[in-house]
Amino acid sequence: MDFDTIILGAGAAGLMCAAHAGGRVLLVDHAKRPGEKIRISGGGRCNFTNTDTGPANFLSENQHFCKSALARYTPWDFVSLVSEHGIAWHEKTLGQLFCDDSAKQIVAMLTGLCEAAGVRLALETSVERVDHGPEGFTVALTERGRPLSARAPNLVVATGGKSIPKMGATGLGYDIARQFGLAVTDTRPGLVPLTFPEGRFAGLSGLSLPARVTTGHAFDEALLFTHRGLSGPSILQASSYWREGEEIEVNLLPGATPFDTLRAARPKVGRRSLVRSLDMLLPARLSDHLGEAWGLSGNLADQSDRALQALSDRLTAWRLTPSGSEGYRTAEVTLGGVATDGLDSKTMAAKSLPQLYFIGECVDVTGWLGGYNFQWAWASAMAAAGAL
Ligand code: FDA
């Protein structure tokens, strides 16, 4: 079968690109349904963009690569699309926009646009082989058990990253990139909970508090203790900058001055144990945990200014070494990917083969938590669509 464009991967980027590419488009996915990650995103409400999106919110070997696409398709462009389709949304926090009702509305909007554009959607279809010759690309597929050969001058790879293999994530995009001589930077799980030796935070499991977590970058968001380690937005954000063996720094009291609080309390409640004095600042369960972990003893009155300062420093710069991360099993994104050096930042086309495009998460552009990754998917898809 002949098409103008074959798009591999009917996720966020693939759907968006297919809807806007024009011409005869084949959109291929091995999953049963398109846009599965959109459907489960943002706790089922899809944090579909972030109004503060800028290059600084992305990790990439080339920090400048994402600029062009992001500038030409902005969060407000996607907001207009969503609003035109009658999808109600709200800002949760920090520029993060969510559907009022359901992420399924975003999937329905995109599949509706694809349908209106006459896109042929081939689901439960595996990609067996990709070849390129004088006639363009030939892709050997197996659609619901039946072989299908598709040809097109243009091929767009939108197969995402390796995160959550259970949902159908594969490294196909990286394999195709390598097949055509493009480099792929090292990939690793991003936006992922960090693990600690068993039982380390068992007694704190479920406890959440505002914190500042630093791993080069500082993120002021909620921190969540789990039975396996640390999670919550501040940790997920920090995880993208963390490398095996490194420490993370946790400020349990961002913006507060625990030394002042404890010193001021000393003449009034000096007979209180030091551990219980921490309850003025922290949840009691955490005071108990720190009391044990740091060997805190004595009453508040027994503490010199120096001792209180040392404790205060520990509370605002708690240094911890994670043993690992939860890995691709739960990571929201994959860091690294198709090296941007080989791609044209205006079109997402391979410089060495301009009919071959890479968009979305399979490219070495990874956003922070908070709607940035979808904005990259939309913007990179529109960059390619405009060039097709
Ligand atoms: P995406 O993963 O969406 O699509 C890739 C498609 O390719 C999939 O449909 C897959 O089945 C298909 N595919 C893969 N290999 C294939 C193969 N070998 N053959 C055929 N098809 C193949 N981001 C954000 O901005 N806001 C949010 O709220 C969230 N929330 C969120 C929650 C959870 C639980 C996760 C895991 C992720 C998020 N994200 C997010 C991240 C966001 O989902 C992600 O960055 C985008 O979906 C990436 O879009 P892509 O289209 O590049 O890949």
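Which polar side-chain atom lies 2.7 Å from a nitrogen atom of the ligand? I found that the atom belongs to T170. I count a polar contact as a pair of N or O atoms within 3.5 Å.

I noted that this is a predicted model, in which local features need pLDDT of at least 70, side-chain atom pairs count only at pLDDT 80 or more, and totals for chains, interfaces and linings use all residues. Residues are numbered from 1 along each chain as its sequence is written, and side-chain values use heavy atoms, with hydrogens and water left out.

F374 has a polar backbone atom 2.8 Å from an oxygen atom of the ligand. The protein covers 92% of the 990 Å² of accessible area that the ligand has on its own (Shrake-Rupley method, 1.4 Å probe). At H30, a backbone N or O atom lies 3.3 Å from a nitrogen atom of the ligand.

Ligand, shell. I listed 28 residues around the ligand, of which A13, D29, T170, E361 and F374 come nearest; a residue is near if one of its heavy atoms lies within 4 Å. By class, I got 11 nonpolar, 13 polar and 4 charged residues in this shell. Helices α1 (12-21), α2 (36-40) and α12 (372-387) each supply at least two shell residues. The most comes from α12, with 3 residues. Helices are DSSP runs of H or I with at least four residues, and strands are runs of E with at least two.

Second largest pocket. I read its space as about 230 Å³. Its lining includes L59, E61, R188, R243 and D364. The lining residues divide into 2 nonpolar, 5 polar and 5 charged. A pocket here is an open set of points on a 1 Å grid where a 1.4 Å probe fits, with protein on both sides within 12 Å along at least five of seven lines; lining residues have an atom within 4 Å of a point.

I found the end C-alpha atoms of residues 188-333 to be 9 Å apart, with 31% helix and 24% strand in the span.

Definitions and conventions. A polar contact is a pair of N or O atoms within 3.5 Å; within protein, one must be able to donate a hydrogen and the other to accept it, and residues adjacent in sequence count only if both atoms are side-chain atoms. Ala, Val, Leu, Ile, Met, Phe, Trp, Tyr, Cys and Pro count as nonpolar, Asp, Glu, Lys and Arg as charged, and the others, Gly among them, as polar. Grid points are joined across faces, edges and corners, and a volume is the space filled by probe spheres set on the points.
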